[in-house]
Amino acid sequence: MKTYRFNFFIILFLLGLIENLSTASRINSRKSCNFPAVYNFGDSNSDTGAISAAIGEVPPPNGVAFFGRSAGRHSDGRLIIDFITENLTLPYLTPYLDSVGANYRHGANFATGGSCIRPTIACFSQFHLGTQVSQFIHFKTRTLSLYNQTNGKTPFCKGVLARPKDFSKALYTFDIGQNDLAIGFQNMTEEQLKATIPAIIESFTTAIKLMYKEGARFFSIHNTGPTGCLPYLLKSFPATPRDQYGCLKPLNNVAIEFNKQLKQKISELNKELPSSLLTYVDVYSAKNHLIIKAKNLGFVDPFDYCCVGAVGRGMGCGKTIFPNGTELYSSSCQNPKTFISWDGIHYSETANMLVANRILDGSISNTPLPTQKACKLTNNLDMN
């Protein structure tokens, strides 16, 4: 009887192994995904040049480590959205607001630095999520109009403009909410800030439903990271209680509650919006892992940052100020790869890459599907 049971379990194990290998084979059967385009919405964590085009250049050393120039990104190199488009074998996204050299064949980026979900005066940018969605609607309307006028036969339509048929097949990514919480924390208690979360989620829901009405069907929605671990906030609130890892406990409590309500709302929307797939991505856990395992991952102090003096001197990375006639300039450290934080607010390219890897392999997604496999589910959706 013991021998029979042992052989039975061996058979089950082998069958499970074969199934896993078969699944892996199916996932890797094609190098590229069938997403023809990516449309991104968010704040400076995924802004690839909008704030540079709208207000003024994001100066070097931002972007220099990878691009050799600032490239409009608040990091030493690539952002999470850059790694996502790379994985999908698509070009880096052109900011919607950047008109020079723009190419929207494979998507566009509506994310703008300093943006919030809700339109508030206190927010760093007036390009809140509702505005970004309005920009997308205008973008889509103009695209369809130009195609109709020319039957899509001009060189501009063939090589630069988005293809109308791709709007329903594209990936729509959202990474926004950090500023809503960070700004609110400056003048609210933990409980007061938690009380604003339902209204923030409602604004987000409105945006998703508008995008769905415009034909969007595949959504990848990132929750907010451990905002209480950002070095600039740690410096700004030295007396606020810390958690066991050294982060601002009240603010991270708010972020966790925000993510809880966001996850619940996404679950409801998946049932409410037919023929769509909304994936909840737990970016919080991925970023938090970097912080609590910083030393094991080869990073220095997780609360230090690479662009020297950026926060302490009260200026953005790369900017020069002249207090009392003395020139002060923020510059990059010698080895950005050893830092989680680039400038006290944004993550380094290395940190972005590690988080992106977790997103792309599906390990922090609900449902846990790699992007390269999940996107193929769009073939089974009714795109009408």
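These are my notebook entries on what I looked up in this predicted model.

**Ground rules.** I number residues from 1 along each chain as its sequence is written, and for side-chain values I use heavy atoms, leaving out hydrogens and water.

**Whole protein.** I counted 14 helices and eight strands, where helices (H or I, at least four residues) and strands (E, at least two) are DSSP runs numbered from the N terminus. Of the 384 residues, 51% are buried; buried means under 20% relative accessible area, exposed over 50%, and partly exposed in between, with a 1.4 Å probe and protein chains only. I then looked up contacts (heavy atoms within 4.5 Å), and found that residues 24 or more positions apart account for 69% of those with a separation of 6 or more.

**Ser44.** I located Ser44 in the loop between strand 1 (38–42) and helix 2 (50–54). Is Ser44 buried or exposed? Ser44 is buried, with a relative accessible area of 10%. Leaving aside neighbours within four places in sequence, I found Ser44 in contact with His74, Leu79, Thr112, Gly113, Gly114 and His346. With the side chain of His346, the side chain of Ser44 makes a polar contact of 2.7 Å; such a contact is a pair of N or O atoms within 3.5 Å, and within protein one must be able to donate a hydrogen and the other to accept it, while residues adjacent in sequence count only if both atoms are side-chain atoms.

**Helix 5 and helix 9.** I next looked at helix 5 (residues 129–150) and helix 9 (residues 197–213), which pack at an angle of about 10° with their axes 10 Å apart. Helix 5 is therefore roughly parallel to helix 9, a term for angles under 35 degrees. At this contact, Leu129, Val133 and Phe136 in helix 5 meet Phe204, Ala207, Leu210 and Met211 in helix 9. I also checked Ser134, which lies in helix 5 and counts as partly exposed because its relative accessibility is 45%. Ser134 and Ala207 are 73 residues apart in sequence, yet 9.2 Å apart in space, C-alpha to C-alpha.

**Helix 7.** How many of the residues of helix 7 (residues 178–185) are buried? Eight of its eight residues are buried, among them Gln178, Asp180 and Phe185. Their cover includes helix 8 (190–195), helix 9, helix 10 (231–236) and helix 11 (249–272).

Notes:
This is a predicted model: local features need pLDDT of at least 70, side-chain atom pairs count only at pLDDT 80 or more; totals for chains, interfaces and linings use all residues. Axes are lines fitted to C-alpha atoms, for helices over the stretch in contact, and angles run from 0 to 180 degrees between N-to-C directions. Angles under 35 degrees count as roughly parallel, over 145 as roughly antiparallel, 65 to 115 as roughly perpendicular and the rest as oblique.
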